[in-house]
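Please read it alongside the sequence and the structure shown here.

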Amino acid sequence: VCHFGDFGQSELRSEQRRAIGQPDLLFLPVGGGPTLSVELAARLTRELRPRWLVPMHYRTPAIGFLEPVEVFLEAARGLRVLQLDSPELDTASLPSDGDTAVVLLSAPQAS
């Protein structure tokens with residue numbers, strides 16, 4: 001599992017890349033703004049080739065200053081997208097051919 005959190009670098013350093021390896025599950029900010037640009041998020045996804053990618057830190061009804069997740073999906077085109085209404089995931093639905101599946105969780109409503 002790899003969680004990028006508030007990653008504010010323009011790229012991975014070589015020692016970071018070696019330490020990460022090829023994660024099964026990657027949590028990656030994809031909405032631009034103060035963390036990763038959409039283009040860098042797409043490039044890291046292609047480079048790291050996780051089995052599952054959970055995009056985070058993007059525009060939702062509660063957060064309006066970031067890019068929507070669709071902008072990232074366009075930049076990283078060709079990924080299989082699974083939309084979930086709950087955080088439960090049947091791993092049998094994930095690709096076993098080395099492709100990345102993007103797992104989109106429904107965002108909470110703005111309060």
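In this predicted model, 40% of the 111 residues of the protein chain count as buried. The chain holds three helices and five strands, and these follow one another along the sequence in the pattern β-α-β-α-β-α-β-β. With a radius of gyration of 14 Å, close to the 13 Å that the globule rule gives for 111 residues, the protein chain is as compact as a globular protein of that length.

**Overall dimensions, contacts and surface**

- The C-alpha trace of the protein chain spans about 40 × 35 × 20 Å along its principal axes.
- Among the contacts in the protein chain with a separation of 6 or more, 63% are accounted for by residues 24 or more positions apart.
- The protein chain exposes about 6,500 Å², and carbon and sulfur atoms supply 50% of this area.
- There are 10 positive and 14 negative side chains in the protein chain, and the centres of these two sets lie 7 Å apart.

**Nonpolar cores**

- The largest nonpolar core has 22 residues, and those with the most contacts inside it are Phe4, Leu26, Leu28, Val30, Leu36, Leu44 and Phe72.
- Two or more residues of this core come from each of β2 (25-29), α2, α3 (69-75) and β5 (101-105), with α2 giving the most, namely six residues.
- Apart from this core lies another one, of five residues, among them Trp52, Val54, Leu84 and Val103.
- Phe72, one of the residues with the most contacts inside the largest core, touches Val30, Val38, Ala41, Ala42, Thr45 and Leu53, if residues up to four places away in sequence are not counted.

**Helix α2 and its packing**

- The buried residues in α2 are Val38, Leu40, Ala41, Ala42, Leu44, Thr45 and Leu48, and the buried residues of this helix pack against α1 (14-20), β2, β3 (52-56) and α3.
- Arg49 follows α2 and has a positive phi, near 50 degrees.

**Leu44 in α2**

- Leu44 has its place in helix α2 and counts as buried because its relative accessibility is 2%, where the cut-off for a buried residue is under 20%.
- Residues up to four places away in sequence aside, Leu44 touches Phe4, Phe7, Leu12, Leu28, Leu36 and Arg49.
- Although Leu44 and Ala76 are 32 residues apart in sequence, their C-alpha atoms are 9.6 Å apart in space.

**Thr45 in α2**

- Thr45 is found in helix α2, which covers residues 38-48, and Thr45 is buried, with a relative accessible area of 3%.
- When residues up to four places away in sequence are left out, Thr45 touches Leu28, Pro50, Leu53, Phe72, Leu79 and Thr100.

**Ala101 in β5**

- Ala101 lies in strand β5 and counts as buried, since its relative accessibility is 0%.
- The C-alpha atoms of Ala101 and Leu82 are separated by 6.9 Å, while the two residues are 19 residues apart along the chain.

Conventions:
Residues are numbered from 1 along each chain as its sequence is written. This is a predicted model: local features need pLDDT of at least 70, side-chain atom pairs count only at pLDDT 80 or more; totals for chains, interfaces and linings use all residues. Side-chain values use heavy atoms; hydrogens and water are left out. Helices (H or I, at least four residues) and strands (E, at least two) are DSSP runs, numbered from the N terminus. Buried means under 20% relative accessible area, exposed over 50%, partly exposed in between (1.4 Å probe, protein chains only). Contact means heavy atoms within 4.5 Å. A nonpolar core is a set of buried Ala, Val, Leu, Ile, Met, Phe, Trp, Tyr and Cys residues joined through side-chain atoms within 4.5 Å. The radius of gyration is taken over C-alpha atoms; the globule rule is 2.2 Å times the number of residues to the power 0.38. Accessible areas come from the Shrake-Rupley method with a 1.4 Å probe; for residues, only the protein chains shown count as cover. Lys and Arg count as positive and Asp and Glu as negative; His and the chain ends are not counted. The place of a charge is taken as NZ of Lys, CZ of Arg, CG of Asp or CD of Glu.
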